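Let's take a walk through a structure with several chains, one piece at a time. Keep the picture in view as you read.

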Amino acid sequence: MSGTFVGMPAFPEAASAATQNAQLRHNLRKATHTIRGKRAAVVSELDDWAELRAAGKAIKDRTLRHLDVYLEQLEEAVTAAGGHVHWAADAAEANAIVTRLVRATGETEVVKVKSMATQEIELNEALAEAGITAYETDLAELIVQLGEDRPSHILVPAIHRNRAEIREIFNRTMAEWGVPAPANLSDEPRALAEAARVHLRDKFLNAKVAVSGANFAVAETGTLVVLESEGNGRMCLTLPETLISVVGIEKLVPTWQDLEVFMQLLPRSSTGERMNPYTSTWTGSTPGDGPGDFHLVLLDNGRTDVLADEVGRQSLRCIRCSACLNICPVYERAGGHAYGSVYPGPIGAILTPQLRGTSSELDASLPYASSLCGACYEVCPVAIDIPEVLVHLRGKVVEGKGTTVERVAMGAAGWVLGDEKRLGLAQRAAGKARGLVPKRHLPGPGAAWTDTRDIPDIPEESFRDWWAGRGRGQQR
Amino acid sequence: MRIALFITCVNDTLFPGTGKAVVRLLERLGHEVVFPAAQTCCGQMHYNTGYRRDAQRLAVRFVETFADYDVILAPSGSCAAMVRDNYPRIGAPGSRLDTAATAVAPRVLDLSELLVDVLGVTDVGAYFPHRVTYHPTCHGLRMLGLGDRPTRLLRAVRGLELVELEGAEECCGFGGTFAMKNEAVSAAMGSDKARHVTATGAEVLCAVDNSCLMHVGGTLDRQRAGVRVMHLAEILASTEKEPAL
Amino acid sequence: MSDGARERILAKVRAALADVPRGEEPEDVVVTRGYVRAHTGGELIGLLVDRLTDYRAVVHRVPAAEVAEAVAQALKRRGVRRIVVPPDLPTRWTAASSVVAVADEALAVAELDGVDGVVTGCALAVAETGTIVLDAGVAQGRRAISLVPDYHLCVVRADQVVGDVPDAVALLDPGRPLTWISGPSATSDIELDRVEGVHGPRTLEVVIAE
């Protein structure tokens with residue numbers, strides 16, 4: 001397995017393979033059901049969840065509708081607090097900036113806090129080309145990095161791995177990267193976490209440069225916020241001399257007070273905790289406490305395209321909690337890799353095609369990777385109407401494709417359904433042919449139904465014919 | 001009360017029994033059912049698959065056909081939800097379709113809403129001496145917000161034993177064209193739903209949407225599970241004199 | 001390289017927002033703060049203890065006069081010999097203990113790694129979520145000292161306990177580096193099941209002084 005998503009098949013094929021993988025199905029089912037239960041419990045503790053959700057949505061809408069104002073405000077505040085602000089229009093620009101900043105320190109190693117933005121721009125690969133080694137320090141990211149695997153979940157990129165697989169990866173690979181796994185490593189999560197602690201300890205204590213993302217950036221004060229659990233974030237944000245934070249331009253919130261909303265919404269939606277173990281906030285640099293050299297890289301990389309779409313814009317409200325992945329019945333069965341992006345699940349199905357466009361077969365298939373059941377919208381802490389955006393994007397895919405077999409079939413169906421007389425004729429024709437329709441083996445595209453499902457008996461008479469007959473007094 | 005029936009194209013063509021049951025039930029309760037003949041389809045399949053213009057054409061026909069009715073019954077959760085939730089945003093803002101669709105949308109009801117909220121009845125005098133489990137279909141549950149209306153109606157049916165379905169609120173995997181475009185995931189979801197259904201030991205799986213029932217029922221039939229699927233209307237129409245089973 | 005990127009991005013943002021009426025101000029987008037500002041009607045200290053314990057912190061409630069004794073007992077139980085303390089930690093807190101307390105005067109990371117624990121105060125504590133917040137203020141020191149040692153003993157004064165997150169945000173100064181701590185370090189990265197003890201202190205002990 002390679003570390004990137006280039007050359008992935010379209011969603012249906014990749015998902016189909018995943019449904020046959022019993023181990024994967026079991027791992028995902030167990031993990032998603034565990035976290036669903038925890039989230040539901042801590043959300044139900046708050047009587048004002050609906051009000052918090054409405055406020056979170058409104059704050060993000062305010063931010064997005066006036067993003068230019070807030071970006072300039074953030075830049076000014078960070079600079080005033082002793083930080084340096086850089087702007088990157090795309091992945092290449094962001095990678096070049098970070099590479100240049102690391103090189104300026106003379107270091108060839110960096111420690112990293114889990115960050116979706118840096119995964120999105122494939123920063124580790126870019127740094128490697130420049131001879132700089134990036135060490136992922138979040139446990140799940142470490143598992144992915146050591147296993148030369150791809151992330152499959154926003155919060156827990158190694159969710160597709162169970163404890164036995166993780167032990168195997170640690171035993172096999174840790175020695176190549178540094179401190180080897182201890183002898184007789186068990187598959188107990190506690191022991192695996194301890195192995196990660198020992199493996200990374202020296203890296204943290206000697207690191208000179210760290211790269212992070214941020215969960216929030218407060219425009220008013222220039223404050224960055226990182227929520228985490230393990231303490232790897234604190235290590236990276238505190239001990240090195242240089243800190244480089246790559247932050248998507250949609251991560252802004254206007255005021256410090258706004259955090260009172262998100263610091264309640266995010267932990268409960270994400271890990272199902274009242275509060276995550278550690279949250280760090282910093283504003284520029286503080287003499288004698290933490291990195292003296294702080295750089296903020298503001299990343300566009302397609303976000304302004306999303307912003308320009310009045311229906312799709314709401315996708316930028318996302319705070320990357322993963323609640324939509326954890327509740328999604330499609331994600332649970334298809335797994336994260338099938339989405340071919342660092343953003344899997346329902347949010348990925350709307351974000352990826354907007355960030356990357358729908359020119360590839362994979363990206364064009366993502367808006368259809370949903371049964372539109374609406375569970376994602378229900379749990380979203382910032383009320384992104386994911387089904388609405390999915391349907392909107394399906395429209396764009398259809399527009400972009402021109403004449404297809406599906407287009408013709410849909411047109412024909414629309415023509416029949418467009419008039420009650422035509423519909424009546426079609427129903428009568430179907431009623432006459434009912435004996436000829438096989439229940440279990442439809443030919444052509446119909447096989448997609450009958451491969452796994454019987455088709456219902458076609459009635460002799462449609463409802464409208466029955467009603468018409470009833471009107472004539474034939475049937476009462 | 002005079003109730004306009006929007007039968008829906010799927011019920012009309014494939015499940016006329018549901019429509020007949022609706023008529024029998026509402027007439028038994030003393031109401032008048034009318035069937036505007038020009039009706040065809042709400043456009044849900046086109047809309048949800050990305051064929052917005054085709055859906056708009058069908059919506060135009062729908063709003064013209066039903067413009068003059070105050071109470072419109074759609075015995076399909078997803079079709080009712082299509083009109084109620086999506087019609088207000090189907091036309092270009094300020095267009096004639098937008099105005100007409102927004103006006104008609106709130107008048108469209110699911111059967112359980114019509115009975116419980118408008119007609120004020122939960123005991124419809126039905127008799128159905130069977131073990132039943134209920135699947136709350138996604139659009140009924142999350143878009144229409146039907147809540148416990150369907151199960152309140154079922155609990156009031158004489159002889160009926162209602163058993164709880166594990167994972168009830170999880171999608172069955174139908175999802176319209178999703179069932180074909182993502183056949184494998186749809187089938188995996190359907191087989192999980194079918195497994196939960198058979199685990200209840202119910203004779204009958206009930207829902208308010210025949211499309212979902214076609215998918216789960218087709219899966220159950222393929223497994224030769226021996227469980228029937230029935231629309232809520234068919235159970236509520238059942239009486240001692242005219243039993244459904 | 002990134003020359004002009006700032007202007008390009010801002011121009012794209014403004015073009016993307018062409019639908020936003022020209023005269024609209026950020027404040028015109030209504031944010032209704034209908035959520036409650038304190039989720040608690042009951043006793044805050046009890047709730048804090050409950051929530052801290054739920055996330056596997058070790059908690060003691062003692063009268064203010066007995067803090068030194070509680071700290072000494074805790075350090076003794078833990079078997080601690082050397083601790084690091086912020087230079088301005090009230091000396092009375094560690095007065096009853098025989099451990100060697102090294103005041104942090106810009107100690108090297110390796111030195112911090114060599115001590116058995118750290119004793120600090122805090123800026124405030126949030127009852128509803130079981131969170132202690134450090135702001136590098138009095139009795140707290142810089143961030144590294146409460147991070148590198150494997151054992152963190154934190155003294156919370158009863159008057160530092162607030163009800164909920166909004167109360168805390170209102171009191172905290174964003175200009176200071178903040179660390180919000182809710183229990184010992186933990187991870188849910190293996191099968192989404194939470195286990196305590198990763199890179200941060202694996203044991204968090206809290207003495208609440210009333």
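UniProt positions are given in the numbering used here, feature names are shortened, and annotations may be inferred rather than shown by experiment.

A quick word on what you're looking at: this is a predicted model, where local features need pLDDT of at least 70 and side-chain atom pairs count only at pLDDT 80 or more, while totals for chains, interfaces and linings use all residues. Residues are numbered from 1 along each chain as its sequence is written, and chains are lettered from A and ligands numbered from 1 in the order in which they are written.

Chain B also splits into domain 1 (2-116) and domain 2 (121-237), with bounds that come from an automatic or database domain assignment. Taken over C-alpha atoms, the centres of these two domains of chain B are 21 Å apart. Where they meet, domain 1 of chain B puts in 28 residues and domain 2 of chain B puts in 25; residues are in contact if their C-beta atoms, placed from the backbone, lie within 7 Å. On the domain 1 side, the elements of chain B giving two or more residues include helix 2 (16-28) and helix 5 (77-86). That side has 13 nonpolar, 10 polar and 5 charged residues. (Ala, Val, Leu, Ile, Met, Phe, Trp, Tyr, Cys and Pro count as nonpolar, Asp, Glu, Lys and Arg as charged, and the others, Gly among them, as polar.)

## The sheet in chain A

Now hop over to chain A. An unreviewed UniProt entry puts "domain: LUD" at residues 71-298 of chain A. Over those residues chain A is 43% helix and 21% strand, and the end C-alpha atoms are 9 Å apart.

Chain A has an open sheet of 6 strands in the order 1-10-7-4-2-3, with parallel pairing. (Two strands pair if DSSP finds at least two bridges between them.) At the edges sit strand 1 (84-88) and strand 3 (133-136) of chain A, each pairing on one side only. One pair to look for is strand 2 (residues 109-112) and strand 3 of chain A, parallel over 4 bridges. There, A:Glu109 stands opposite A:Thr133.

## Chain C on its own

Chain C comes to 5 helices and 12 strands. Its radius of gyration, taken over C-alpha atoms, is 22 Å, well over the 17 Å that the globule rule gives for 210 residues, so chain C is more spread out than a compact globule. The globule rule is 2.2 Å times the number of residues to the power 0.38. Along its principal axes, the C-alpha trace of chain C spans about 70 × 50 × 40 Å.

## How the chains meet

Which chains share the most contacts? Of the 2 pairs of chains in contact, the answer is chains A and C. In that pair, 82 residues of chain A are in contact with 63 residues of chain C. The chain A side divides into 42 nonpolar, 22 polar and 18 charged residues. Strand pairing crosses between these chains too: strand 9 (residues 278-283) of chain A runs antiparallel to strand 9 (residues 178-181) of chain C, joined by 4 bridges. Look there for A:Ser280, whose bridge partner is C:Thr179.

Chain A meets chain B as well, through 48 residues of chain A and 52 residues of chain B. Helix 19 of chain A gives the largest share of the chain A side, 5 residues. By class, that side has 26 nonpolar, 12 polar and 10 charged residues. As for chains B and C, no contact joins them, and their closest C-alpha atoms lie 14 Å apart.
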